[in-house]
Number of protein chains: 4
Amino acid sequence: MSSTFGNNIKVSIFGQSHSEAIGVVIDGLPANHKIDLAEIGAFMARRAPGQNSVSTPRKEPDIPRIVSGLVDGVTCGAPLCAIIENTNVRSGDYEKLKDVPRPAHADFAARIKHGGANDVRGGGHFSARLTAPLCFAGAVCLQLLKEKNIYIGAHICSIANVKDRLFDSVNLSAADLTRLASRERPLLTPELWQEMEKAVTDARADQDSVGGIIECGIVGLPVGIGEPMFGGMENRISQAIFAVPAVKGIEFGNGFECAALRGSQNNDAFYYDGDRIRTKTNNHGGILGGLSSGMPVIFRAAFKPTPSIAQSQQSVSFSQKQDTELVIQGRHDPCVVLRAVPCVEAAAALAVYDMVLDSNNGNLFA
Amino acid sequence: MSSTFGNNIKVSIFGQSHSEAIGVVIDGLPANHKIDLAEIGAFMARRAPGQNSVSTPRKEPDIPRIVSGLVDGVTCGAPLCAIIENTNVRSGDYEKLKDVPRPAHADFAARIKHGGANDVRGGGHFSARLTAPLCFAGAVCLQLLKEKNIYIGAHICSIANVKDRLFDSVNLSAADLTRLASRERPLLTPELWQEMEKAVTDARADQDSVGGIIECGIVGLPVGIGEPMFGGMENRISQAIFAVPAVKGIEFGNGFECAALRGSQNNDAFYYDGDRIRTKTNNHGGILGGLSSGMPVIFRAAFKPTPSIAQSQQSVSFSQKQDTELVIQGRHDPCVVLRAVPCVEAAAALAVYDMVLDSNNGNLFA
Amino acid sequence: MSSTFGNNIKVSIFGQSHSEAIGVVIDGLPANHKIDLAEIGAFMARRAPGQNSVSTPRKEPDIPRIVSGLVDGVTCGAPLCAIIENTNVRSGDYEKLKDVPRPAHADFAARIKHGGANDVRGGGHFSARLTAPLCFAGAVCLQLLKEKNIYIGAHICSIANVKDRLFDSVNLSAADLTRLASRERPLLTPELWQEMEKAVTDARADQDSVGGIIECGIVGLPVGIGEPMFGGMENRISQAIFAVPAVKGIEFGNGFECAALRGSQNNDAFYYDGDRIRTKTNNHGGILGGLSSGMPVIFRAAFKPTPSIAQSQQSVSFSQKQDTELVIQGRHDPCVVLRAVPCVEAAAALAVYDMVLDSNNGNLFA
Amino acid sequence: MSSTFGNNIKVSIFGQSHSEAIGVVIDGLPANHKIDLAEIGAFMARRAPGQNSVSTPRKEPDIPRIVSGLVDGVTCGAPLCAIIENTNVRSGDYEKLKDVPRPAHADFAARIKHGGANDVRGGGHFSARLTAPLCFAGAVCLQLLKEKNIYIGAHICSIANVKDRLFDSVNLSAADLTRLASRERPLLTPELWQEMEKAVTDARADQDSVGGIIECGIVGLPVGIGEPMFGGMENRISQAIFAVPAVKGIEFGNGFECAALRGSQNNDAFYYDGDRIRTKTNNHGGILGGLSSGMPVIFRAAFKPTPSIAQSQQSVSFSQKQDTELVIQGRHDPCVVLRAVPCVEAAAALAVYDMVLDSNNGNLFA
């Protein structure tokens, strides 16, 4: 059991790729907050399929129906439930997968875990489609965070071997993130898109796929959010981010790079910037001892290439107990990174908002 | 609140660097299991200070006193509590830190969070000393996992720029891990120790410190351990691993490297190895869709260089509201990586054992 | 936040009396169990409104739509979500309640708690209508418990001053509970129904309402279910039962009566009944030290009379800041006890099933 | 697992009657609060054994040693751990109990649950001795609640058949509770003590024991504390109260009595008392829909007579698989009610303080 997240809010995500519907319940939201549904819709549209040449053509309206928790658009203190109908489902595509697990997918392990009863259609509950309710819940949290002047935004660092620059981790601002969100492509260097798109379309032409890296920034956090040991910001954000399918690594601040540095290079010096204490550099990625330092929180998540590729692959047949070739039918993104950007923001928002609500943080916002 | 971990066991770690004692309560352990205290002692000795030229000379016996939960060395179903007295404490060293936070430490954020009431001595609850009870709890879980033929072991991948090779992720065996644990240094290539030691002693000579990377392997897991979404193995292991101080990144399988690969390169082909289904490669690091695949689970954690260095550093004085120089007194490891190896194993063991206990996994061990 | 229950399953109930829909997500159910939806429908019909002369005439089909978690009627390991549309809603009835709280209802406290944003229509999330998804979730758990030969059944002990006898707590059997469930009225002495019905109709004639007591029995539990201290069977069952609206007390075994007894009268002697150890009496209600003793678990819950009565009552006007008279419009049960019987069974089933799943109980079912 | 309580604080109680020590860890306490240890000592002395003619003569200092979480008597944000050594232990008394379970004790069920590995000495983790750390944790919470002007106090309603009057549930004040706490005996009618004492000494003379009822009041709560459904005040308080050994029932407000009343009798009319809305009567016991109504919260808990009596009792011998006589040696309270009064206050304090900390209650204290 663990499609549930949070200590102060409980986010419970349900549904399978081909079940009647998918959705989410958010229990514990504060009452009396206006929720902007149009803004949520716009946020969710960023992860919707079929939006561009590099995404799957499976088109779904994916309009969440809010069945509880709001009265006249305002949170009423009751759990907020949003449901998204699964309308455009072609179950036939997936029949063979009952017998032959797709490499790099959850199929094989899910089959064993659930004694063969797992919903194999489209990956069932493991489908990336479940990021739709994740994005809905994240969008709600993003709005509530914005009320506290906390902003979260992500961009594509790399697709395949095409690399964009990283955030200016010292000076990243809410305005930067807002500008980023308004762009057609979540890139710091928009002109790189053509090159990235080519990497993706080349892969598709080769019946293949590519991966990439997404960087996320969080600004506006007061100093001191997060809890020691298992409840630190790195702990909680990483727990949430690995809920986004295809993530295989996460690093905060300068991340893996710090392992080759000396302390004198890696430590970030404190200084007074007017009345406020800041650090001159931000190798620590805004987190010290698990707690927010007041500097921008920066992390990067590595996404593996889409496992579903059109090339023939080697797998096994459960029924025949022997090796076999598998050709995956259906429509699949050759690169999930673009659509994953709002998912990363959403997952981070769940973790951050849940931490912000921790009972002992009240004074940090005074 | 979050010095507590686990859904099926509850591990609650308490204490500060200079409080009277530190310790841990483990609630939810199954009854009727013999605990080998000598083995725990040997495990904990691997993280104890003062063991070699690259570690802090602060020597402490760190012998845990088990005050509850065992009867004649056997778990009795009651919470297991172990206490470690803090005996070798020189509080005077840390007086100045109340006013001047140490760069790259939790001091600054903790002070703001706790309104100045945080225990500044030695980092208080944020001290790496708290890894002693973490190791105790992990050692208990390691023994209980071993009963199920699940083994966890880690080695140093790199210190500073000295790199060892990685695990053979396809063939890693319990025997490999046992052999590794028996070595004086947790290295796949023991002869590299001299070079690593030199990197550390050079840094110390420069009043500096170095970081490194630790790789951990888990073998013997049946297929299907882990839960979807927020409860996957990556989610839970990373939540636990970031409890080890100085960790700034984690990656599973080929991790960040996968972002630049194509699906056809990254996907691991299934095949029948006799009756058992395995993958030919293990880029997925033994985890698919958050579930164990039956292949060795492999992850790496990046450790930043020890923040406490003897060089003068720039910081701020709270009392004088201005920038100041800080020279850290006291005894500090110029490299935490060696002592962190058992900590990584311990944190992983907490996460894995907690997942193994999940109510729906009973049949996986049948 | 707390419309969520459970450690091993997570039951998350959502909806308001007059929201678009209500429902429940059950995360953590084991895969590969057939769910009998017709049986669930029959169970839920027992709490449905409009079924007899003593219940509210508001009729709703209340047929749950299962949108996820089942494939061909079998649990697939994904969260099970059931949704019940709110079709027969007359919002106009409740307009005045925004200003004048109903005595003995949650209105007043909910308004203050939620800063006036609470959904006042029909009591919002506090409405007894939310027992529909509670019953759905409970019905699922009852089926899974039945697979383990654990049976739960309840009967009306009293309505107003009309009292039925209590369960034979020593000999209560699954057959007894099955027979009880098959009766039109959940009474040990069915002929008392006429008298009870008269008490209710008399109250209605007086624009009044009545309360009552429900007794619940659980048979088939192995010895040892439950955890110490805060996780005992009494703790967990009572936490669940107070989720049923109008419950104001709960007692186990001989309950409050034991306070006036001597130990020699109250202690239940152990004896061998063949190979099995039982107690000669069952004052302890099948629970010792929070753990099941193997004897039938017995508890009683007291229900207050329906707070919504047609008589004019004294309340206050928030807008006018003065006392006022309130006449409640709408359709209300003059006695909730009859419809509450399946709710008690359902709430008990959630608690018991969640405890049964505890990781350390595997051997108790061997 | 469940010797752990709380959502916003985590209270983890450890130890057995005859383990080396018992204690508690409280994680999540806010920093910067002065803790009055003398006051805690005085509170704990009220439950200490050996204080009067009706309690067990086993004398223990029971002075908790605080090993972490306080710096100069002020909470520092780290988990607070208190340890109480078990010094006066006579293990020999309990040898026979390994084979013959004591009627009405946890022995039998614990033995089966833990496969014979349970700590049988003095009841192990099920011993009433574990109420010492419970009282410690409760005393801390009581102090923190007092800072918010919330007071909790309990009195003996009855011992055997000797009954005191109940609280004036409408007018109960903090002053009333303070006066009560200052009395030698927690009675509203102190002169009844003699009669109660006689009932106990008579029972002891008969090698028997007696039960009783404790009533608890909570004043000063703002309107709106508590959460819907499973998180209501009744749910959470009852979950905590059943952690006190020997409790078999709990009722709020007029409790079981309400079941025989009509709505017009039971409903509590709202009225303006100056600017404040109160109810004229308090049958609801200060809780409506699970939320505090602003009226005093009132509940009663029924305690069974001490199961350990000196009379010979019938039990079974596991080893001989036959019925046998049991004569319990050792020192036992013939009535636990007097010592249980602070335990009830402590358990209630844990639940109330945890609810008060809920993230959405901040505005209720503004």
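Guide: Two copies of a chain are compared by superposing them by least squares on the C-alpha atoms of residues with pLDDT of at least 70 in both. This is a predicted model, in which local features need pLDDT of at least 70 and side-chain atom pairs count only at pLDDT 80 or more, while totals for chains, interfaces and linings use all residues. Residues are numbered from 1 along each chain as its sequence is written, chains are lettered from A and ligands numbered from 1 in the order in which they are written, and side-chain values use heavy atoms, with hydrogens and water left out.

Let us begin with the setting of chain B. A rotation of 180°, with 0.0 Å of shift along its axis, superposes chain B on chain C with an RMSD of 0.0 Å. The two copies are thus related as by a two-fold rotation axis. Among the residues of chain B, B:Ser359 comes closest to that axis, its C-alpha lying at 2.6 Å. If contact is taken to mean heavy atoms within 4.5 Å, then 100% of the contact residues of chain B recur in chain C, and the same surface serves both copies.

Chain B also meets chain A, where 105 residues of chain A are in contact with 105 residues of chain B. The area buried between chain A and chain B (the accessible area, with a 1.4 Å probe, that two parts lose on being put together, summed over both) is about 8,300 Å², of which carbon and sulfur atoms give 62%. On the side of chain A, A:Lys113, A:Phe230 and A:Lys248 lose the most area to chain B, together 11% of what that side buries.

Helices (H or I, at least four residues) and strands (E, at least two) are DSSP runs, numbered from the N terminus. Two strands pair if DSSP finds at least two bridges between them. Strand E11 of chain A, also residues 247-252, pairs with E11 of chain B in the antiparallel sense over three bridges, and A:Gly249 stands opposite B:Glu251. Within chain B, E11 pairs with strand E16 (residues 297-303) in the antiparallel sense over five bridges, with B:Phe252 opposite B:Phe299.
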